[in-house]
Amino acid sequence: MAKITIENAVKKFGDFVAVNDVSLSIEDQEFVVLLGPSGCGKTTLLRAVAGLGLLDSGNIMIGDRDVTYLPPKDRSISMVFQSYAIFPHMKVFDNIAFGLRMQKVKKNVIRERVQRVSELLHIESMLDRYPSQMSGGQRQRIAVARALAIESKVLLMDEPLSNLDALLRLEMRAELKSLLAGLEATTIYVTHDQIEALSMGDRIAVMKDGEILQYDHPTRVYDTPSHHFVGGFIGNPPMNFVSVRVERHEGRYSARVDGFNIEADDNMSDALSRYDGKEVLLGIRAENMEASKTPLDGALAVEVKVIEPLGSQNLLTINTSQDTLKVSTHPDFFVDPGETIWLRFPANKIRWIDKDTGAAITPDIEKLRA
Amino acid sequence: MPYLLVLPTLLYLAIFFAYPMVSALQLAVQADVRYLNLRAEPDVTAERLPGTIAMQTVVDIIDRERGEEELASGRTRPIFWYLVEAQTVDEETVTGWVNQRNIFVESRTESVTGRINDGEPVTEWTTRHIRTMVNDFRFNSALRNTMLMIVIILPIQFVVAIIMALVLQAQPRGSTMFLYIFAIPLGISDLAAGLVWYSLFTQRGFINSFLVQMGILDSPFIFIASGQLGWILLAIVLAEVWRATSIVMVIVVSGLQAIPRDYLESGQVFGATLWQRIRYIVLPLLRPSLQVALILRTILAFQVFAVVIAISGGDVFTVLANETFRWYDRGDGGYNNPNVAAAYAGLIMIISLAISFFYLRAIRSQEETTG
Amino acid sequence: MLFLRKSLPPDQRWALFRNWVRRMGVYALAILISLWILLPIWLIATMAFSTRSNVRSFPKPFFPDPISTDTMQFFLNAEGILSSTGNSLIVAFATLALSTIIATPAGYAISRFVFRGRDAVRLGILSVRAFPIVILAVPLAVTFINLGIYDSLWSLALLHTALVLPTSVLVIASVFASVPYELEEAAQVFGCTPTMAFFRVVMPLTLPGIAAAGIFAFVTSWNEVFAAVLLTLTNRTLPAQILFSLDKASDPFKFAGGFFMLVPSIIFIFFIRRYLFSMWGQVTK
């Protein structure tokens with residue numbers, strides 16, 4: 001059992017606060033991805049869990065044990081480094097066996113375990129070679145094999161795929177996912193690649209400036225970002241944000257943009273009442289807008305600036321008076337730049353964002369239940 | 001263009017490294033001597049007879065003849081020719097003519113023997129200088145002391161240098177200051193270092209001052225004296241470790257900086273203790289740096305000279321470089337014999353080259369196995 | 001000292017304690033090694049600034065009392081010291097100038113151009129760096145005698161230049177390598193000739209590093225004693241003069257002389273400390 005609990009973790013480097021009062025709870029055998037741009041503190045947090053940099057304050061529990069100040073070797077963790085950190089002076093076998101040797105495991109057990117994990121990663125034919133003769137992808141496999149060999153309760157991965165080229169990364173991503181699914185280890189996986197995070201994680205913790213903005217299942221992080229930043233960071237293209245003014249007509253709230261009203265969902269009424277007459281951001285994903293070449297009821301007429309045929313979709317760039325929108329349409333949807341089209345904003349796909357805090361405006365859950 | 005820019009350096013190094021190296025070997029195995037060949041007729045243009053005669057050979061005069069020689073001005077002057085019977089360097093007897101410039105006779109007309117005193121300058125190969133060097137009563141102790149110093153100093157230096165480098169690598173507060181302090185000896189000459197340690201080890205020096213003040217000794221102990229080779233060696237070893245460990249330290253620190261931190265951290269994650277990380281990760285990865293430092297230090301150890309003179313005076317304890325100097329020295333204490341000095345220089349060179357070659361081969365064979 | 005906190009579980013306190021011990025151990029070692037290096041310097045400095053009677057006294061004081069320039073003055077006024085110091089300065093400056101002039105173009109070429117045999121040139125230069133001067137000095141002395149330039153400060157400077165040249169070239173090459181070639185190209189794009197670009201852009205940026213290489217040459221020449229005693233007879237440099245005076249010299253002379261030779265080294269190392277690693281640490285395979 002290795003539930004990981006981080007409580008109020010703070011880590012500073014001089015004046016720079018790398019991790020700012022972060023609390024995070026990870027279930028046993030769960031796969032959690034720490035996602036964020038570089039410098040957001042995700043790697044620092046991972047290293048704190050590994051014991052490679054002690055926290056300035058806060059606690060880390062692995063299982064029932066408080067490990068805050070323990071050295072890495074007493075934490076029953078293993079790790080895959082971004083640079084792989086495969087020892088160049090040891091053969092592949094010795095690299096994979098390294099952790100086991102340090103634990104003074106019996107020789108025949110070592111041989112058997114190394115054999116097993118190397119078969120798992122399809123590197124069993126390279127055990128006698130030195131890493132210097134190997135490609136990036138093969139080294140990556142060695143790094144993973146070495147981490148799996150010690151069968152620790154916690155597996156930490158620091159951007160393991162970021163040094164691979166795009167095609168290999170795609171391949172390894174799927175392979176790693178199926179491999180890790182069969183493991184019993186609790187995994188923390190750090191990446192700046194939102195697609196990796198969405199495709200692999202049981203849950204994603206999105207970090208920015210040393211804080212966790214949202215910690216949820218991938219689909220919820222994608223569909224209902226809790227923060228302006230999360231919506232903008234995740235998704236390709238990122239979520240569109242439009243500056244709107246909240247107005248109230250006949251008891252219903254709507255967003256006014258360029259003389260047009262976008263109706264809000266009924267359950268938003270209470271939450272939006274505090275913003276009556278104020279500017280907020282309206283967030284909507286490119287694929288959630290309905291585009292039409294003919295006038296539609298309740299649709300905003302806009303002029304197409306750019307059209308980018310991307311094969312699986314045609315991506316339109318559209319300017320409102322203040323903002324730029326990306327609209328994803330079916331590949332058959334052909335328009336010329338300068339043409340006018342009509343956009344509909346489905347109320348249930350809209351995220352409302354407080355312009356000052358960046359936080360999402362959500363219906364009060366208690367009231368909703370009642 | 002680039003060739004033009006490196007050319008001066010290469011030329012300079014060729015003149016001041018390649019030429020002296022060859023020249024040192026030449027001086028060591030060559031001697032400038034004069035030999036004489038007798039002539040078939042009493043004439044300077046006559047055919048030379050085979051068989052050379054060494055200088056100072058005593059010869060029997062069989063016959064003599066007064067000839068004339070033409071000067072550059074066109075005038076002539078008389079010159080005596082002697083028919084002599086002489087032993088050649090190969091101990092064969094030859095008979096032939098020699099003129100008065102090449103032979104010393106008591107009387108031009110009366111003497112029946114003479115002594116050859118001039119001849120053609122010839123450079124010949126000889127082992128004489130090497131024999132002189134090897135047979136010199138100081139040679140064995142110089143060689144032994146030099147080797148002993150290397151064997152004792154190098155391991156100490158490497159252990160201390162690695163510790164210094166690891167301390168710096170741990171980056172304690174003020175590590176830039178520590179780096180500067182650790183690097184100070186880089187700029188200290190061996191003469192100054194020798195004098196510094198002389199001040200500690202001399203009879204009325206600091207070590208004795210300390211021991212007597214602490215009441216450990218009643219009167220100063222004489223460390224530096226002819227019977228005290230062990231103490232002299234200790235003083236020299238300490239001075240050399242004090243002075244020359246910094247170079248090794250700098251090389252090791254550079255090597256350490258080239259080891260990615262990830263290697264050490266992954267060692268930590270996979271359970272290696274500090275000692276295991278040093279033993280299984282740091283030292284193996286540091287090996288190229290250590291090997292280069294080893295070559296450098298071994299070769300530089302043959303230059304130890306002023307330290308020895310400053311501490312011991314150079315007579316009670318001697319090393320190869322000191323003997324080189326003694327044989328070259330044209331002053332009171334020296335033998336003024338550049339050839340033997342060159343023999344010592346050549347010996348040092350050959351040992352240095354052999355050591356470098358040995359190390360480099362060792363490195364290469366390791367690289368072949370590690371690929 | 002977090003490990004003293006009673007609220008923590010014992011295994012954590014133990015881990016923190018070990019961390020603390022390790023950190024303190026590093027400090028202790030750093031201080032110990034510093035003392036090992038500084039203490040002998042302190043002691044000889046004590047002697048150099050004591051009165052001569054204190055220098056001769058036994059047991060010796062570990063602090064200068066009273067502080068006096070008597071011993072230093074005695075040393076500096078000794079026969080041949082001032083003139084040999086002058087000689088040393090001449091040789092050292094000549095070495096500095098000559099090595100910089102020869103090494104700068106070579107360093108530039110090695111760092112900027114990819115040419116056939118560059119690695120061989122690098123390796124060759126690197127490999128002569130360690131060559132014992134003992135080997136070079138004897139045959140060169142004989143050659144200098146034959147050429148009639150023996151006992152000349154300039155011929156000694158020539159030899160010292162050979163001694164520092166390999167290191168100078170490598171240091172200067174690494175200094176040039178630290179200035180991106182794009183800067184030169186940019187200067188050329190904006191109207192400089194290649195020569196102008198070198199002098200207006202590269203030179204100002206590399207001057208400190210080249211100066212460091214020059215200081216290194218100076219210190220090496222200032223310290224060098226073996227070639228100096230072999231190549232000079234009447235025009236002795238300072239180390240040669242001290243070495244030749246040793247067997248007749250009194251302790252005050254030796255201590256003051258040792259200290260006098262030490263001072264420039266300590267100061268110079270301070271100025272070139274940034275370049276230590278490119279100077280002595282280069283281990284190219």
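Trainee: How many residues of chain C are in contact with chain B?

Mentor: One begins by counting the residues on each side. In this predicted model, 74 residues of chain C are in contact with 80 residues of chain B. One then asks which element supplies the side of chain C, and helix 1 (residues 10–48) of chain C gives the most, with 13 residues. By class, the side of chain C that touches chain B holds 61 nonpolar, seven polar and six charged residues.

Trainee: How many residues of chain A are in contact with chain C?

Mentor: The count there is six residues of chain A, which are in contact with five residues of chain C. The side of chain A that touches chain C divides into three nonpolar, one polar and two charged residues.

Trainee: Let us turn to domains. Into which domains is chain C divided?

Mentor: One reads the bounds, then the separation, then the contacts. Chain C is divided into domain 1 (2–71) and domain 2 (79–280), and their C-alpha centres lie 34 Å apart. Nine residues of domain 1 of chain C are in contact with seven residues of domain 2 of chain C. On the side of domain 1 of chain C that touches domain 2 of chain C, the elements giving two or more residues are helix 1 and helix 2 (52–56) of chain C. Helix 1 of chain C gives the most to that side, with five residues. The classes on that side are six nonpolar, one polar and two charged.

Trainee: What does the domain assignment of chain B give?

Mentor: The assignment gives domain 1 (34–126) and domain 2 (131–370) of chain B. The C-alpha centres of these two domains of chain B lie 58 Å apart.

Trainee: How many residues of helix 5 of chain B are buried?

Mentor: Helix 5 of chain B is mostly covered, with twelve of its twelve residues buried. Among them are B:Asp190, B:Trp197 and B:Phe201. Helix 5 (residues 190–201) of chain B reaches 16 Å, close to the 16 Å expected at 1.5 Å a residue. One next asks what covers the helix. Its buried residues pack against helix 6 (206–213), helix 7 (229–257) and helix 10 of chain B, together with helix 1, helix 11 (238–245) and helix 12 (251–271) of chain C.

Trainee: Which residues touch the most other members of the largest nonpolar core?

Mentor: In a core, one looks for the members with the most partners. Of the 245 residues in the largest nonpolar core, those are B:Ile311, C:Ala137 and C:Phe226. Helix 7 (residues 153–177) of chain C contributes the largest share of this core, 16 residues. Leaving aside neighbours within four places in sequence, the contacts of C:Phe226 include B:Phe305, B:Phe325, C:Ile133 and C:Ala137. Another core, of 31 residues, lies apart from the largest one, and A:Tyr253 and A:Leu281 are among its residues.

Trainee: Why does B:Val316 count as partly exposed?

Mentor: One counts C-beta neighbours: 20 or more within 10 Å make a residue buried, and 12 or fewer make it exposed. B:Val316 has 16 C-beta neighbours inside 10 Å, and therefore counts as partly exposed. B:Val316 lies in the loop between helix 10 (306–312) and helix 11 (320–328) of chain B. Leaving aside neighbours within four places in sequence, B:Val316 is in contact with B:Ala225, B:Ser226 and B:Ile232.

Trainee: Finally, how many helices and strands are there in chain A?

Mentor: Chain A has ten helices and 21 strands. Of its 370 residues, 42% count as buried.

Key:
Residues are numbered from 1 along each chain as its sequence is written. Chains are lettered from A and ligands numbered from 1 in the order in which they are written. This is a predicted model: local features need pLDDT of at least 70, side-chain atom pairs count only at pLDDT 80 or more; totals for chains, interfaces and linings use all residues. Domain bounds come from an automatic or database domain assignment. Two residues are in contact if their C-beta atoms, placed from the backbone, lie within 7 Å. Helices (H or I, at least four residues) and strands (E, at least two) are DSSP runs, numbered from the N terminus. Ala, Val, Leu, Ile, Met, Phe, Trp, Tyr, Cys and Pro count as nonpolar, Asp, Glu, Lys and Arg as charged, and the others, Gly among them, as polar. A nonpolar core is a set of buried Ala, Val, Leu, Ile, Met, Phe, Trp, Tyr and Cys residues joined through C-beta atoms within 7 Å. The expected span of a helix is 1.5 Å times one less than its number of residues.
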